[in-house]
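I opened the model today to look up a few things. These are my notes, in the order I took them.

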Amino acid sequence: MLFASGCQSVREQRTTISFWGMGTEGERVKVLIPEFERTHPNIHVVVQQIPWTAAHEKLLTAYAGESTPDVCQLGNTWLPEFTMLKALEPLEPFLRQSSLVTLNDFFDGVLKTNIIDSTLYGIPWYVDTRVLFYRRDLLQAAGWSQPPKTWAEMMRLCASMKEQAKARGIKCYPLFLPTNEWVPAIALGMQAGGELLRQNKTLGNFSGPNFRKAFTLMADIYRNDYSPSGMQLIINLYNSFSDGLVAMYITGPWNIGEFSQRIAPDVRDKWMTAPLPSMDSTWPGASLPLGTSLVIFRQSRHKKEAAQLIEFLASREQSLAFYKITGNLPPRKSAWTDTSLANNRYIQAFYQQLQRLTPLPQVPEWEQIVIKLQLYVEHIATNTMTVDEALRRFDSDTDRMLEKRRWLVETGKIR
Amino acid sequence: MSTEKSYRRIVDRTAAAWLFLSPSLAAIAVFFVVPVLSALVMSFTDFDIYALGDLSVVRFIGFENYRRIFELPIFWSALRNTFYFVLVGGPLSVAVSLGTALMVNAKLTRFKPLFRTIFFLPVVTSLVAVAVVWRYLYHPAHGILNYLLSFAGIAPIDWLGNPAIAMPAIIVLAVWKGFGYNMLIFIAGLQNIPDELYEAAHMDGANAWRQFVDITLPMLTPTSVFVVMITIIGYFQLFAEPYVMTQGGPLNSTMSIVLLMYEQGFRWWNMGFAAAIAFVLFVVILIFTLLQMALQRRMQ
Amino acid sequence: MKRLRPSSILLHAGLIVVALVTMTPVLWMLSASFMAPGEASSFPPPFIPGRFTLEHYRALADRLQMGRYFINSMIVAGAVTIISLFFNSMAGYAFAKFRFKGRDSMFRFLLSGMVVPAQVTMLPLFLLLKTFGFVNTYMGAIIPGLASIFGIFLIRQFAGSIPDSFIEAAQIDGASEFKIYRSIILPLCRPILYTLALFTFMGTWNDFMWPLIIMTDDSRYTLPVALANLMGEHALDLELMMAGSVITILPVMILFLVFQRHYVRGIMVGKSNALSQVGPLCADE
């Protein structure tokens with residue numbers, strides 16, 4: 001650590017810790033650091049920005065080259081992978097006595113994704129989940145004063161909107177379900193009962209009854225033309241949403257800001273957010289705990305200081321400050337009483353949704369599996385495969401991707 | 001070999017020769033030959049993310065990686081895109097190089113060094129840096145390209161966002177960036193053609209076009225062979241352009257073999273699989289090179 | 001002055017058009033780097049800054065550590081150039097002027113290596129350098145460029161044209177082998193050494209994929225990697241990006257303009273010489 005020793009010669013007593021932040025978060029978090037350094041005069045934080053597009057390979061090569069940072073922001077779906085590599089430090093010992101971080105204040109579903117084999121490896125930094133963005137006026141015109149609460153309602157709504165549009169001779173896609181996003185499909189699968197992998201998560205279970213229900217629903221949506229089946233049809237989502245081509249869209253918190261800015265002025269107060277509809281009557285339906293967590297790498301030589309930084313960033317106060325500069329939602333329930341969140345009408349849906357999250361299967365291959373899923377969503381959208389065939393193939397792809405894991409589990413090399 | 005005669009008078013200096021060779025050969029052996037051979041071995045294993053954590057879980061799986069490559073739809077799109085790039089971009093690049101070389105080398109041309117320097121400048125630039133500008137030139141809403149096209153009444157084109165146009169856009173960038181290099185080599189080749197040949201043809205009443213076809217092109221054949229070979233080998237390794245411009249998108253329309261290899265290898269750490277992709281590319285390039293040599297031999 | 005003929009006018013018009021197309025992106029990059037924030041992305045695109053500003057260069061230097069990346073690039077490109085020039089010139093000379101068993105077959109073996117895409121070696125090379133502890137070090141970035149088959153090939157072709165009598169005369173004077181190399185071969189090879197030096201420096205300076213992989217800590221990034229990183233984060237600060245691009249491009253461009261006479265001569269001599277050899281060598285196999 002040439003770098004650290006250089007700094008130490010200037011300020012003898014300070015410990016330098018490195019923090020990798022991704023994308024815009026890596027840039028904006030720098031604003032919070034001076035306050036941390038003021039309250040922790042013995043610690044100096046060096047923030048390095050990693051572009052999201054190169055983040056995964058950067059972390060893996062850093063791990064391989066033994067040059068990981070002390071603290072890092074890690075996508076929730078990457079946690080199982082880095083835990084498998086034994087790259088992360090268990091956090092509980094550091095935070096047991098913390099007055100700033102109380103674990104039961106985090107949304108349950110989000111915290112669960114950070115616990116692997118009953119060990120806590122990450123502290124949620126911000127949460128991201130998906131809810132329904134919809135045009136209130138268009139739903140009202142179709143006779144719906146409330147957004148749909150079940151799948152059946154959703155389909156009825158789509159049907160009536162489609163019919164009305166047809167009568168008036170205009171084009172309309174009631175629900176935009178992009179073929180290049182895996183989150184809606186998996187969320188629907190979770191609502192239908194989850195268990196997307198079977199046999200100790202070593203085999204795909206997508207052709208099982210639960211995911212089949214979800215996929216059939218999606219196929220119906222595409223085949224009835226409720227959603228465009230290709231990405232080319234919606235060139236600019238915000239324009240399409242403004243001129244009524246699209247009435248509903250499942251997306252995340254960053255779009256609150258985008259919608260507020262980029263939607264046409266005349267429809268600016270005509271949209272709203274709502275939790276996802278559910279398969280049965282237990283509204284809201286489950287959504288996914290996405291977002292990122294803060295972790296300490298095992299190779300860090302300043303774990304105590306690293307933990308102090310995490311404690312600071314995960315505190316109620318700082319997660320609110322971070323929300324104000326980035327729009328990223330705080331993972332702590334107590335933060336949501338703050339007026340900045342409580343008074344934002346678009347955000348309430350997220351609060352409700354965050355109570356109903358289902359953790360994703362914790363396998364290192366997850367990201368590769370869901371990338372593959374997009375291909376099959378595309379196939380059923382364009383009707384080039386039946387639901388049966390798509391799911392059968394997706395299962396066999398998944399089985400193949402999990403082959404190594406299966407072998408490791410069978411030979412007892414991992415649990 | 002014709003140079004053989006000249007060695008005869010030199011005393012045997014084997015020991016000194018090896019001394020001079022050793023630094024280079026050692027470096028090549030350790031940092032090139034060994035990695036190539038290990039890549040070959042690796043391509044028969046399932047070296048993956050689990051192996052990164054624990055080397056003992058690597059298994060030999062024979063030709064399984066190679067079999068899986070050909071089952072992978074994205075490999076076929078990457079192969080198709082790479083061929084598109086090589087077969088459209090390669091000839092275009094060679095043609096532009098030859099055309100500019102002929103223009104710069106023409107007897108009438110003044111300020112030859114100036115033009116030569118200007119045409120060569122893009123070669124010395126860093127691709128990442130010029131990609132920044134080109135991304136902007138290609139910007140659908142306020143890029144210069146669409147602005148200029150608007151004068152011709154052409155509606156804005158989403159150069160990098162449209163799957164049908166993204167690859168041609170990448171090709172234009174690559175040709176712009178690289179044609180100067182081959183141009184220099186062509187100029188060198190042109191200058192090696194004896195003037196007497198043209199004078200004789202002129203006396204025979206051959207026009208400029210006939211002179212080009214009957215003298216310039218045949219005399220330029222060895223240069224062209226070299227240029228085409230270098231270009232093909234280089235173009236097959238398409239990586240940086242799509243990596244910085246499009247990340248392989250939209251809809252994988254600019255995904256190249258090397259980019260696929262990079263993603264498999266370094267993003268997902270499927271190193272065994274990625275090594276197999278690299279060798280498939282190697283074989284493709286080898287086949288092309290051998291084909292070209294065979295063609296060249298037949299022409300002679 | 002020659003009389004202007006229509007064909008001459010046509011020819012020069014063509015040349016000027018190509019020159020304009022070639023230069024526009026670079027000139028616009030330069031111009032936009034001096035524009036006020038947001039100006040470059042107005043419509044229609046401006047070609048000349050309305051208000052000339054240096055703030056982006058200042059931001060790059062102060063806030064974004066461009067100076068450090070510049071030094072990193074210098075270290076890596078400089079070291080690779082110097083060391084590889086030394087290695088390659090020795091090997092090229094040995095292949096050209098020494099007779100020893102297995103020389104031609106070894107040279108041919110090396111040449112065939114040029115067909116192997118560099119990417120094949122990248123994965124194992126990374127793992128190899130990892131075991132040496134060279135990941136995230138300058139050494140890691142420098143090592144793969146140390147010996148280049150292409151460089152050896154160029155030198156060999158050029159050194160081949162040096163008359164043997166020069167070497168023999170020195171031998172009679174009792175000069176050591178290294179002295180012959182240093183005081184006869186190297187000076188005579190100067191044109192091709194210039195070419196190779198510039199070629200190597202350019203290639204290393206502009207190299208993107210390898211430093212991207214091997215350097216994990218941003219204090220070790222080279223300019224292109226830093227720029228790509230910047231692109232991910234500041235894609236909207238167009239003028240800032242342009243200034244970053246200018247800084248990345250400028251050093252090599254200046255170097256090229258200063259040495260271009262040597263460089264071009266080397267390429268011409270080296271290549272045309274090389275060309276006469278490539279054909280037979282390939283045909284031999």
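**Entry 1: chain B by itself.** I began with contacts in chain B between residues at least 6 apart in sequence, and 66% of these join residues at least 24 apart. I kept in mind that this is a predicted model. Next I looked up the secondary structure: chain B has 15 helices and zero strands. I then checked burial. Of the 300 residues in chain B, 43% are buried. For the dimensions I took the box along the principal axes, and the C-alpha atoms of chain B fill roughly 75 × 75 × 35 Å.

**Entry 2: chain B against chain C.** How many residues of chain B are in contact with chain C? I found 79, and they meet 78 residues of chain C. I then asked which element of chain B gives the most to this side. It is helix 2 of chain B, residues 14–42, with 16 residues. I also sorted the chain B side by class: 58 residues are nonpolar, 17 are polar and four are charged.

**Entry 3: the five-stranded sheet of chain A.** I moved to chain A and traced an open sheet of five strands. The order is 2-1-3-13-6, and the pairing is mixed. Strand 2 (43–50) and strand 6 (123–126) of chain A have a single partner strand each, so one side of each has no neighbour in the sheet. The twist from one strand to the next averages 30 degrees. I followed strand 6 of chain A to its partner. Strand 6 runs antiparallel to strand 13 (residues 292–296) of chain A, and three bridges join the two. Within this pair, Pro124(A) has Ser293(A) in strand 13 as its bridge partner.

**Entry 4: the four-stranded sheet of chain A.** I noted another open sheet in chain A, with four strands in the order 8-11-7-12. Its pairing is mixed. I then looked at strand 7 (residues 131–135) and strand 11 (residues 246–251) of chain A. These two run antiparallel and are joined by four bridges. Val131(A) stands opposite Thr251(A) of strand 11.

**Entry 5: a helix on that sheet.** Last, I checked what helix 9 of chain A, residues 151–167, lies across. The answer is strand 8 and strand 11 of chain A. Helix 9 runs at about 140 degrees to strand 8 of chain A.

Methods
Residues numbered from 1 in each chain as written. Chains lettered and ligands numbered in written order. Predicted model: local features only at pLDDT ≥ 70, side-chain atom pairs only at ≥ 80, totals over all residues. Pairing = 2+ DSSP bridges. Contact = placed C-beta atoms within 7 Å. Axes fitted to C-alpha atoms, helices over the stretch in contact; angles between N-to-C directions. Buried ≥ 20, exposed ≤ 12 C-beta atoms within 10 Å, placed from the backbone. Nonpolar A, V, L, I, M, F, W, Y, C, P; charged D, E, K, R; others polar.
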